[in-house]
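Dear colleague,

I am handing over the structure below for your work. My notes on what was found in it follow directly after.

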Amino acid sequence: MAPIPTVPRTIETPRLTLRPMRADDGEALLEVFADPRVMAAFGVPPFDRADMERWIRRNLDHQERYGYGLFTVVLRETGMVIGDCGLERMEIGGESQAELGYDLRSDHWHRGLATEAAAAVRDLAFDALELPRLVGLIRRGNAPSRRVAEKIGMTLDSEPERDGQRYWLYGMRRPAPVPA
Ligand SMILES: CC(C)(COP(=O)(O)OP(=O)(O)OC[C@H]1O[C@@H](n2cnc3c(N)ncnc32)[C@H](O)[C@@H]1OP(=O)(O)O)[C@@H](O)C(=O)NCCC(=O)NCCS
């Protein structure tokens, strides 16, 4: 019988710790989501505290429902919360898909940190959770996010429209297991 996969609660990468999100992460995550440079990626105004709390609550509910969700990303060198990265199930093209997402504090961009976090979540999704496929739904024009998707091995599938907005839908399938 195939071994039952164990799902790690915390992931360590060379520079980062990805730990389960907590209800009291709001203050630290506001440094990400109240920043207009970050929120330009979503075309929505910066979050206030109430928006942040609702967003965290939604993720905690998702975590409970599916057993996975978004991690809080901590830079180990300083202990600072610098963003989130993880998985969210969403309805895309009439199908429920697992989306790999990431958002970082803008003062920590361009250091390869999102790629490092996203690659670790990709490995969790395929190796421990055994999900068959991952997608990245990216607003068209978000070049840094597209680049992260490409660097972790995703390719462009389609350019769907949702609520009047065009997206790049990136995706990748779980690699076939290497025969023993
Ligand atoms: C997307 C995001 C997480 C990337 O974080 P990051 O840590 O800077 O990403 P990385 O350093 O790992 O990689 C970014 C890549 O994009 C490239 N890039 C950055 N700005 C770019 C731009 N304006 N045009 C083209 N490429 C760009 C970088 O050069 C790098 O690629 P490279 O390694 O080949 O040089 C960060 O920009 C962010 O939080 N943006 C706002 C939220 C967001 O867009 N989330 C994703 C929603 S789909």
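In these notes Ala, Val, Leu, Ile, Met, Phe, Trp, Tyr, Cys and Pro count as nonpolar, Asp, Glu, Lys and Arg as charged, and the others, Gly among them, as polar. This is a predicted model, in which local features need pLDDT of at least 70 and side-chain atom pairs count only at pLDDT 80 or more, while totals for chains, interfaces and linings use all residues. Residues are numbered from 1 along each chain as its sequence is written.

The ligand

A residue is taken to be near a molecule or strand if its C-beta atom, placed from the backbone, lies within 6 Å of it. The ligand is surrounded by 19 residues, of which A41, A114, T115, A143 and R147 are the closest. By class, the shell around the ligand consists of eleven nonpolar, five polar and three charged residues. Helices (H or I, at least four residues) and strands (E, at least two) are DSSP runs, numbered from the N terminus. At least two residues of the shell come from each of strand 5 (95-104), helix 4 (113-128) and helix 5 (143-151), and helix 5 gives the most, with five residues.

The nonpolar core

A residue is buried if 20 or more other C-beta atoms lie within 10 Å of its own, exposed if 12 or fewer, and partly exposed in between, with C-beta atoms placed from the backbone. A nonpolar core is a set of buried Ala, Val, Leu, Ile, Met, Phe, Trp, Tyr and Cys residues joined through C-beta atoms within 7 Å. The largest such core holds 39 residues, and C85, A117, A118 and V121 touch the most other members. Helix 4 gives the most to this core, with eight residues.

Two residues are in contact if their C-beta atoms, again placed from the backbone, lie within 7 Å. With neighbours within four places in sequence left aside, V121 is in contact with C85, G86, L87 and L100. V73, in strand 3 (residues 70-75), is buried because it has 32 C-beta neighbours inside 10 Å. Under the same exclusion of neighbours within four places in sequence, the contacts of V73 are L16, L18, I82, G83, D84, C85 and A117. Its C-alpha atom is 5.1 Å from that of G83, ten residues apart along the chain.

Helix 1 and helix 3

Axes are lines fitted to C-alpha atoms, for helices over the stretch in contact, and angles run from 0 to 180 degrees between N-to-C directions. The axes of helix 1 (residues 26-33) and helix 3 (residues 49-66) cross at roughly 110 degrees and come within 10 Å of each other. Helix 1 is therefore roughly perpendicular to helix 3, given that angles under 35 degrees count as roughly parallel, over 145 as roughly antiparallel, 65 to 115 as roughly perpendicular and the rest as oblique. Helix 1 contributes G26, L29, L30 and F33 to the contact, and helix 3 contributes R49, M52, E53, W55 and I56. These residues divide into six nonpolar, one polar and two charged.

Individual positions

H110 lies in the loop between strand 5 and helix 4 and is exposed, because 9 other C-beta atoms lie within 10 Å. E130 lies in the loop between helix 4 and strand 6 (133-139), and with 12 other C-beta atoms within 10 Å E130 is likewise exposed.

F126, in helix 4, counts as partly exposed, because it has 18 C-beta neighbours inside 10 Å. Not counting residues up to four places away in sequence, F126 touches L131, R174 and P175, and its C-alpha atom is separated by 9.9 Å from that of A176, 50 residues apart along the chain. G141, in the loop between strand 6 and helix 5, is partly exposed, with 13 other C-beta atoms within 10 Å. The C-alpha atoms of G141 and R166, 25 residues apart along the chain, are separated by 9.3 Å.

Lastly, A180 is placed in the segment after strand 9 (165-173) and is exposed, with 3 other C-beta atoms within 10 Å. A180 and L134 are 46 residues apart in sequence, and their C-alpha atoms are 25 Å apart in space.

With best regards
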